[in-house]
Each structure stands twice: as structure tokens, then as C-alpha cells.
Amino acid sequence: MNNQELISERQTVRLIAAEELAKMLDVSTRTIWRLLSTGKLVQPLRIGGSVRWRLDDVEEWINNGCPVVTK
């Protein structure tokens, strides 16, 4: 993979916040944090003080039947 492809790939990564993830899963944001703390949700990225999930990771997790995630 050359630098241009890497830059292009990075630009297409969509990150979502807990609120948007909660809407996708039709649960409360509190439930998102509970799922995360019990290892039942894909791990997020921590950017400064923000927590975000890669949309691609979340969609893959959903398509796989929401399996328990090992850390």
C-alpha cells in the first residue's frame, strides 16, 4: 500500500459517538457503556477525551451477530 492509498483509506474511516451508536442499536447510551464494560461491544478509539467507534467495525460486529468481544 503506497502513501496515497493509505491517506485515502484514512479519509474514508467514519467514526461515531456513543449517542449515534445507541441510536443504531436502539438502546440507551447507558446501555452502550454497560455493553462496553462487560466486553459485549467492539472496542472504541480514544482520541483525547473523546470515545468513538469505527462505523465499519460496528457494522461488521452487527453482521456477525453481535458476538462477545475478547479484549
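So, at roughly what angle do the axes of helix α2 and helix α3 cross? They cross at roughly 95°, and the axes come within 8 Å. Here α2 is residues 18–25 and α3 is residues 29–37. The axes are lines fitted to C-alpha atoms, for helices over the stretch in contact, with angles from 0 to 180 degrees between N-to-C directions. That makes α2 and α3 roughly perpendicular to each other, a label that covers 65 to 115 degrees.

Quick housekeeping. This is a predicted model, so local features need pLDDT of at least 70, side-chain atom pairs count only at pLDDT 80 or more, and totals for chains, interfaces and linings use all residues. Residues are numbered from 1 along each chain as its sequence is written, and side-chain values use heavy atoms, with hydrogens and water left out.

For the overall layout, the protein chain has four helices and three strands, in the order α-β-α-α-β-β-α. Those are DSSP runs numbered from the N terminus: helices are H or I with at least four residues, strands are E with at least two.

Back to our two helices. Ala18, Glu19, Leu21, Ala22 and Leu25 from α2 meet Thr29, Ile32 and Trp33 from α3, where contact is heavy atoms within 4.5 Å. By class, that's six nonpolar residues, one polar and one charged.

Which residues of α2 are buried? Ala18, Leu21 and Ala22, buried being under 20% relative accessible area with a 1.4 Å probe, protein chains only. They span an arc of only 100° around the axis, which puts them on the same side of α2; the arc uses directions from the helix axis to the C-beta atoms. As a reminder, an α-helix has 3.6 residues a turn, so residues three or four places apart point the same way. The buried residues of α2 pack against β1 (15–16), α3, β3 and α4 (55–63).

Now the aromatics. There's one aromatic pair, counting rings of Phe, Tyr and Trp (its six-membered ring) with centres within 6.5 Å. The rings of Trp33 and Trp53 have centres 5.7 Å apart and planes at 45°, so the pair is tilted, meaning neither under 30 degrees (stacked) nor over 60 (edge-to-face). Trp33 sits in α3 and Trp53 in β3 (residues 50–54), so the pair ties together parts 20 residues apart in sequence.

Definitions and conventions
Parallel < 35°, antiparallel > 145°, perpendicular 65-115°, else oblique. Nonpolar A, V, L, I, M, F, W, Y, C, P; charged D, E, K, R; others polar. Buried < 20%, exposed > 50% of the residue type's maximum accessible area, 1.4 Å probe, protein only.
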